[in-house]
Amino acid sequence: MVVTGAASGIGRAIARRLAADGAARVVVADREPDATAAVAAEIGGRAEVLDVTDEPAVIDLIERTEAEAGSIELWCGNAGIGANGGVELGDEIWNDVWNVNVMAHVIAARHLVPRWVERGSGHLLITASAAGLLTNLGTAPYAVTKHGAVALAEWVSITHGDAGVRVSCLCPQGVRTPMTEADGELAVEVVKAMGMIEPEAVADAVAEGLADDRFLILPHPEVATFEQRRAGDRERWLAGMRELQASLPGG
């Protein structure tokens, strides 16, 4: 099992939960060397310093892991970044967020899905966000790319699900992680207003969702209702989101 973005937050909690549930080998992958090593040492896993947007590095990790520990049956793509602002942000920022939040999943799937199809088994967990089902105020790159991550998860499931490739899409709302520590930023104030949960609660939801072979994993169950309201009356939903934005600091 491989967990990316596993040095902190949701990724660390998922790695811990997989190990606690008896996973034979958990690869803890992140670009922060010290924190990655600490998590791996804690759970008895293997630390891998990894930039998820570096395709040769991802290929190398996959090949070494399968050569040393056997087939990768679960890949948890959890690395993610955000950027505060909208369309005024430069291409470099948009591209950075796109590469981590979408293309990293494409790269992983590109090199894992053919192996899983050949074997008839494999599970891809893509950590998206409630922002991928709804939106996120104050950060256009995050909202747009998380929609892309959800769409990719759906596409892989539809295209390869009958060949034994299972896909789960994790869409939490507000989670207490380093990404949500700032005060005054509109994107952060939104999730704080909606209610924050701990990363361990997300890991619990992931464990249940994987056990049930569920596509959509919602640590905040109310997100399903919000998505239904959005689809049922888009104009009303947009008006409501504008009201919410106006009521928050920074809105």
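Asp-213 counts as partly exposed in this predicted model, because its relative accessibility is 42%, where partly exposed lies between buried (under 20% relative accessible area) and exposed (over 50%), with a 1.4 Å probe and protein chains only. The residue belongs to the loop between helix H7 (199-211) and strand E9 (216-217); helices (H or I, at least four residues) and strands (E, at least two) are DSSP runs, numbered from the N terminus. The phi angle of Asp-213 is near 55°, a positive value in a residue other than glycine.

Residues are numbered from 1 along each chain as its sequence is written. The model is predicted, so that local features need pLDDT of at least 70 and side-chain atom pairs count only at pLDDT 80 or more, while totals for chains, interfaces and linings use all residues; side-chain values use heavy atoms, with hydrogens and water left out.

Helix H7 also contributes to the second largest pocket, giving the most to its lining with five residues. A pocket is an open set of points on a 1 Å grid over the protein atoms alone, with protein on both sides within 12 Å along at least five of seven lines, whereas a cavity is a set of points where a 1.4 Å probe fits but cannot get out; lining residues have an atom within 4 Å of a point. The second largest pocket holds about 210 Å³ of space, a volume being the space filled by probe spheres set on the points, which are joined across faces, edges and corners. Its lining has 16 residues, of which Met-1, Leu-18, Leu-74, Leu-210 and Ala-211 are the closest to the centre. At least two lining residues each come from helix H1 (9-20) and H7. By class, ten residues of this lining are nonpolar, two polar and four charged; Ala, Val, Leu, Ile, Met, Phe, Trp, Tyr, Cys and Pro count as nonpolar, Asp, Glu, Lys and Arg as charged, and the others, Gly among them, as polar.

One cavity of 30 Å³ or more is present in the structure. About 80 Å³ of space lies in the largest cavity. Strand E4 (74-77) and H4 are the elements that give two or more residues to its lining, and H4 supplies the largest share, four residues. The lining includes Trp-75, Gly-77, Ala-104, His-105 and Ala-108. Eight residues of the cavity lining are nonpolar, four are polar and none is charged.

His-105, one of the cavity-lining residues, is found in helix H4 (residues 91-119). The residue is buried, because its relative accessible area is 4%. Leaving aside residues up to four places away in sequence, His-105 touches Gly-77, Ile-126, Thr-127, Ala-149 and Leu-152, contact meaning heavy atoms within 4.5 Å. Thr-127 is 22 residues from His-105 along the chain, and the C-alpha atoms of the two are separated by 9.3 Å.

Over the whole protein there are nine helices and nine strands. The radius of gyration is 18 Å, close to the 18 Å that the globule rule gives for 251 residues, so the protein is as compact as a globular protein of that length; the radius is taken over C-alpha atoms, and the rule is 2.2 Å times the number of residues to the power 0.38. Of the 251 residues, 47% count as buried. Among contacts with a separation of 6 or more, 63% join residues 24 or more positions apart.
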